[in-house]
Amino acid sequence: MAGRLVLHLGSMKSGTSFLQNALGHNKDLLAERGVLFPGPRWRAQVSGVRDVIATGGPGQPATAPDGPWQRLVEEINAWPGTAVVSMEFLAPRSEQKIAQIRAAFPDTTVEAVLTCRDLGRNIPAMWLEAVQNGGTTPWGQYLDSVRQRRSGDRVARNFWKHQGIPEIAARWTKGLGDDRLTLVTLPPKGADPDVLWRRFADAAGFDADGCDLAVRANPGIGLTSALVLLRLNQAYHEELGKMPPLYDTYVKHKLAKRGMVFRSKEEPRLGLDASWVVKAGESQIERLQRAGHRVVGDLFDLRPVPVKGIHADQVTQEEVLDATVAALARSLESWAESDRSHRRRRRTGEDA
């Protein structure tokens with residue numbers, strides 16, 4: 001059985017992709033140091049976490065004995081040292097689900113690391129991410145929902161379940177124990193990635209030295225491209241009432257993350273400078289201070305500062321048209337390359 005399991009909870013947009021890529025890239029070196037990053041690829045952790053979220057709880061189907069969660073559990077339990085699982089879907093889990101996850105490792109010390117970033121940077125990042133996942137809410141309305149936190153507001157509920165750091169920390173502390181949760185704060189904008197990596201390694205309890213941090217980044221799309229996607233999503237919603245099948249594959253990944261991201265440096269940045277954001281951030285800091293969680297970094301890293309940029313309403317229709325044409329051109333280029341590759345494979349197969 002594993003002597004120790006560290007669950008990296010996220011939260012969303014808190015350097016998770018960088019940490020997951022760094023953990024995977026340095027998997028062999030970490031294993032030499034007694035640290036397991038389980039699964040042949042990180043996607044195995046995604047599948048395992050999704051499986052345990054959807055099964056085994058009250059009113060849910062039983063967890064399959066040969067399913068992705070059980071395979072993850074068995075690999076961890078077979079490891080004699082420390083295992084690290086990183087998946088931000090863990091963060092908003094209920095007390096019942098946390099207890100279920102904890103019960104899968106009865107003889108292992110289970111700890112949680114919660115990475116977190118200030119609301120000033122996270123609110124725009126969450127809106128941009130929401131648009132890439134089929135969101136149809138304009139920026140101004142999104143801001144109002146996050147600020148008001150109205151009961152029954154889907155946008156507010158989804159945002160705060162991932163960014164309500166005091167609530168997330170409280171649930172996991174209750175489920176694992178007062179000394180089993182560590183907060184890792186993201187350093188201010190412009191800090192070297194090594195700072196976050198060393199903070200995380202300190203919290204997780206492994207040696208950060210000598211690790212290769214030249215890993216694939218997870219760049220976001222620019223504001224103008226986000227407005228193009230927003231209109232596309234709204235059109236889908238009006239016509240179908242939902243996003244079409246394979247939206248993730250063709251819109252989120254191929255169109256946005258492999259196409260639109262290349263224009264991000266050319267496009268205006270979404271800005272945010274509002275007193276209510278500062279107050280919300282200060283409130284989180286005060287609550288976390290009272291809770292007394294272990295912190296690696298500084299809680300005052302969570303104090304929001306103005307994010308330079310513009311409001312989405314300031315983007316012109318001409319800029320949106322330019323971004324639409326650019327997205328169309330890149331999509332056609334990608335389509336043509338895929339077609340050429342397919343034809344080459346067919347010719348190779350016929351020649352063989």
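This is a predicted model: local features need pLDDT of at least 70, side-chain atom pairs count only at pLDDT 80 or more; totals for chains, interfaces and linings use all residues.
**View 1. A nonpolar patch on the surface, made by Leu328, Leu332 and Trp335.** Trp335 belongs to helix 14, which covers residues 317-351. Because its relative accessibility is 62%, and exposed residues are those over 50%, Trp335 counts as exposed.

**View 2. An aromatic pair formed by Trp69 and Phe105.** A search of the whole structure finds 8 aromatic pairs. In the pair shown here, the ring centres of Trp69 and Phe105 are 6.0 Å apart and the ring planes stand at 85°, so the pair is edge-to-face. The pair links distant parts of the chain, since Trp69 lies in helix 4 (residues 68-77) and Phe105 lies 36 residues away, in the loop between helix 5 (95-103) and strand 4 (109-116). Trp69 is buried, with a relative accessible area of 7%, and Phe105 is also buried, with a value of 1%.

**View 3. The rings of Phe159 and Trp160 within an aromatic cluster.** The centres of these two rings, Phe159 and Trp160, lie 4.9 Å apart, and their planes meet at 85°, so this pair is edge-to-face. Phe159 is buried, at 0% relative accessible area, and Trp160 counts as buried at 11%. Both residues belong to one aromatic cluster, together with Trp127, Trp139 and Tyr142. Over the face of Trp160 lies Arg149, at 4.0 Å from the ring centre.

**View 4. Arg330 over the face of Phe262.** In this close-up, Arg330 is placed at 3.9 Å from the centre of the Phe262 ring.

Key: Residues are numbered from 1 along each chain as its sequence is written. Side-chain values use heavy atoms; hydrogens and water are left out. Patches are made of residues with over 30% relative accessible area and no salt bridge: like charges are joined within 9 Å, nonpolar side chains (Val, Leu, Ile, Met, Phe, Trp, Tyr) within 5 Å. Accessible areas come from the Shrake-Rupley method with a 1.4 Å probe; for residues, only the protein chains shown count as cover. A salt bridge is a side-chain nitrogen of Lys or Arg within 4 Å of a carboxyl oxygen of Asp or Glu. Helices (H or I, at least four residues) and strands (E, at least two) are DSSP runs, numbered from the N terminus. Buried means under 20% relative accessible area, exposed over 50%, partly exposed in between (1.4 Å probe, protein chains only). Rings of Phe, Tyr and Trp (its six-membered ring) pair if their centres lie within 6.5 Å; planes under 30 degrees apart count as stacked, over 60 as edge-to-face and the rest as tilted. A charge sits over a ring if NZ of Lys or CZ of Arg is within 6 Å of the ring centre and within 35 degrees of the ring normal.
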